[in-house]
Amino acid sequence: MASASSTAPVYGVAPLRAGQGSSFVLRRLHSLTGIIPVGAFLFEHILISNSTAISGPDAYARQVSFLANLPLVFFLELIGIWLPIAFHALYGFYIWYRGDANTASYPWSGNWMYSMQRWTGGIAFVYIVWHTYTMRFSGTDLHENPVASFGKVAAEVHNPWLMAFYVIGLIAASWHFAYGIWLFCAKWGIVVGDKAQERLLSLCLAFFVVLTVVGIASLYTFHSRFQNLPGVTGNIASRHAAIKGAQ
Ligand code: HEM
């Protein structure tokens with residue numbers, strides 16, 4: 001016979017429960033990696049590192065140089081960023097594909113937030129792959145040449161289509177992370193009770209606005225100070241030269 005708790009309607013997000021074999025461990029790991037290290041990295045990337053661009057190319061170059069000179073930086077990136085993102089993203093697509101019974105009951109009509117969490121994850125994935133490839137693995141190596149950092153990003157977002165892509169990627173990742181904090185707290189039983197969850201939701205939405213506004217302010221700075229391009233080579237430099245020539 002089904003227990004009362006398994007037949008009663010579940011409001012809000014169901015907590016992650018043990019007893020589901022390896023999928024419980026993987027679900028917990030997926031949930032945790034969304035906050036640490038992936039979410040922590042996104043926080044640092046938008047609110048600390050990239051926002052230094054607002055203070056100008058020199059400040060930005062110093063910040064990139066600081067990051068590039070961290071000890072064992074390649075392994076830090078591999079273990080602290082790339083592998084956790086790859087796991088979170090691939091398992092996230094699997095959860096999406098499976099339709100996921102564990103979180104079927106999200107608040108608000110039509111499970112709108114449920115769909116948003118999946119679509120923003122998917123958009124962020126496309127954006128992250130592109131962004132990592134262009135900024136880290138093609139053109140000027142910014143770890144070797146941090147002074148070229150501002151110009152490399154500036155040339156990228158000077159293209160209006162790429163600027164739009166950056167803004168969409170930023171909004172998708174910010175929403176996904178901010179609402180993800182709320183989901184995490186609900187699923188791990190950190191914030192329980194309707195009132196407390198409502199208050200947390202307001203905080204998370206405010207955090208989404210902060211991430212988006214600071215991110216757009218940084219992008220705007222890159223866009224408006226496009227001329228500074230010391231040391232940039234490869235496709236971006238020739239595109240920059242072509243645009244400058246046409247001006
Ligand atoms: C910008 C990088 C990302 C960050 C910071 C991030 C962060 C988070 C956080 C904090 C959560 C809430 C944890 C939870 O549900 O308990 C979450 C959930 C989720 N993420 Fe991500 N994520 C990122 C990228 C992705 C990508 C690329 C996908 C691929 C589709 C994805 C798919 C999902 C899914 C499906 C959920 C909901 C799981 C559920 O409802 O049970 N995420 N993410």
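Biologist: Before we start, what are the ground rules on numbering and confidence?

Modeller: Residues count from 1 along each chain as its sequence is written. The model is predicted, so local features need pLDDT of at least 70 and side-chain atom pairs count only at pLDDT 80 or more, while totals for chains, interfaces and linings use all residues.

Biologist: What is the secondary structure of the protein chain?

Modeller: Ten helices and zero strands. Helices are DSSP runs of H or I with at least four residues, strands are E runs of at least two, and numbering goes from the N terminus.

Biologist: Why is Phe87 called partly exposed?

Modeller: The cut-offs go by other C-beta atoms, placed from the backbone, within 10 Å of a residue's own: 20 or more is buried, 12 or fewer is exposed, and in between is partly exposed. Phe87 has 15, so it is partly exposed. Phe87 sits in helix H5, and its C-alpha is 9.7 Å from that of Leu26, 61 residues away in sequence.

Biologist: What makes helix H7 largely enclosed by the rest of the structure?

Modeller: Nine of the ten residues in H7 (149–158) are buried, so that's the conclusion. Among them are Phe150, Lys152 and Glu156. Over the protein chain, buried residues make up 26% of the 247.

Biologist: Why are H6 and H8 called oblique?

Modeller: Angles run from 0 to 180 degrees between N-to-C directions, with axes fitted to C-alpha atoms over the stretch in contact. Under 35 degrees is roughly parallel, over 145 roughly antiparallel, 65 to 115 roughly perpendicular, and the rest oblique. H6 and H8 pack at about 135°, with axes 8 Å apart, and are therefore oblique to each other.

Biologist: Which residues make the contact?

Modeller: Contact needs C-beta atoms, placed from the backbone, within 7 Å. The contact includes Met113, Gly121 and Tyr127 of H6, and Phe165, Trp175 and Leu183 of H8. By class, it has twelve nonpolar, six polar and no charged residues. Ala, Val, Leu, Ile, Met, Phe, Trp, Tyr, Cys and Pro count as nonpolar, Asp, Glu, Lys and Arg as charged, and the others, including Gly, as polar.

Biologist: Which helix gives the most to the shell around the ligand?

Modeller: H8, with eight residues. A residue is near a molecule or strand if its C-beta atom, placed from the backbone, lies within 6 Å of it. Of the 28 residues around the ligand, Ser31, Gly34, Gly92, Gly121 and Gly180 come nearest. The shell has 14 nonpolar, eleven polar and three charged residues.

How values were computed
Two residues are in contact if their C-beta atoms, placed from the backbone, lie within 7 Å.
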